[in-house]
Amino acid sequence: MENDDGVEHVLDCFTGGGGSLQAHRILDRFGYRWRTACCIEWDEYAGRVLRRRMREGATDAAPIWDDASTFDPKPWDGIVTGCVAGFPCQPFSLSGRREADEDKRNMWPDVARILRGIGSIRWCLLENVGGLCSLDYFGEILSDLEAIGFDAIWQTRE
């Protein structure tokens, strides 16, 4: 599904300094027509880097929401057709406590809420650490995705 302008509009969650937005530009060269509709980034420094990259034209200009937990998905339904989310990895990382859903930094529930709230999203690309796959919580994420209506394909690298 494309919008009226023939371009897929993407919500980019946990954008950081905009690496995924720069990837959109690279993909555009290969015929994938995406544009960033909105970013969600809580980190102040990353937000400054992101705004600078937008001003310089290195990435698409888009509004930046500063907290995934307060993001209202409803206004984006019918606009956004894809979602990219590199939700925080600290709750799942082998180098951390691996507290998953007991870790206050676990933002998966907000990603799931956002995906449920934007009915026009047809695909999502999720990124996290390989340690996530070795936790029971990974099964919960897969169950959430299935309940939302997605089929999941995953890959890990060692």
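Trainee: In what order do the five strands form the open sheet, and in which sense do they pair?

Mentor: Please bear in mind that this model is predicted. The open sheet is built from five strands in the order 3-2-1-4-5, with parallel pairing.

Trainee: Over how many bridges do strand 1 and strand 2 pair?

Mentor: Strand 1 (residues 8-13) is joined to strand 2 by six bridges in the parallel sense. In this pairing, C13 lies opposite I40 of strand 2. Strand 2 also pairs with strand 3, again in the parallel sense, over two bridges. There, C39 has I64 of strand 3 as its bridge partner.

Trainee: How should I read the side chains of a strand, and how many residues of strand 2 are buried?

Mentor: As a general idea, side chains in a regular strand alternate between the two faces of the sheet. In the present case, strand 2 (residues 34-40) is mostly covered, with six of its seven residues buried.

Trainee: Which residues gather in a patch of negative charge on the surface?

Mentor: A patch takes in residues with over 30% relative accessible area and no salt bridge. Here the negative patch comprises E99, D101, E102, D136 and E140. D101 belongs to the loop between strand 4 (82-85) and helix 3 (108-117). With a relative accessible area of 43%, D101 is partly exposed.

How values were computed
Residues numbered from 1 in each chain as written. Predicted model: local features only at pLDDT ≥ 70, side-chain atom pairs only at ≥ 80, totals over all residues. Heavy atoms only, no water. Patch = residues over 30% accessible without salt bridge, like charges linked within 9 Å, V, L, I, M, F, W, Y side chains within 5 Å. Areas by Shrake-Rupley, 256 points an atom, 1.4 Å probe, with all protein chains shown as cover. Salt bridge = Lys/Arg side-chain N within 4 Å of Asp/Glu carboxyl O. Lys, Arg positive; Asp, Glu negative; His and termini not counted. Charge placed at Lys NZ, Arg CZ, Asp CG, Glu CD. Helix = DSSP H or I, 4+ residues; strand = E, 2+ residues; numbered from the N terminus. Buried < 20%, exposed > 50% of the residue type's maximum accessible area, 1.4 Å probe, protein only. Pairing = 2+ DSSP bridges.
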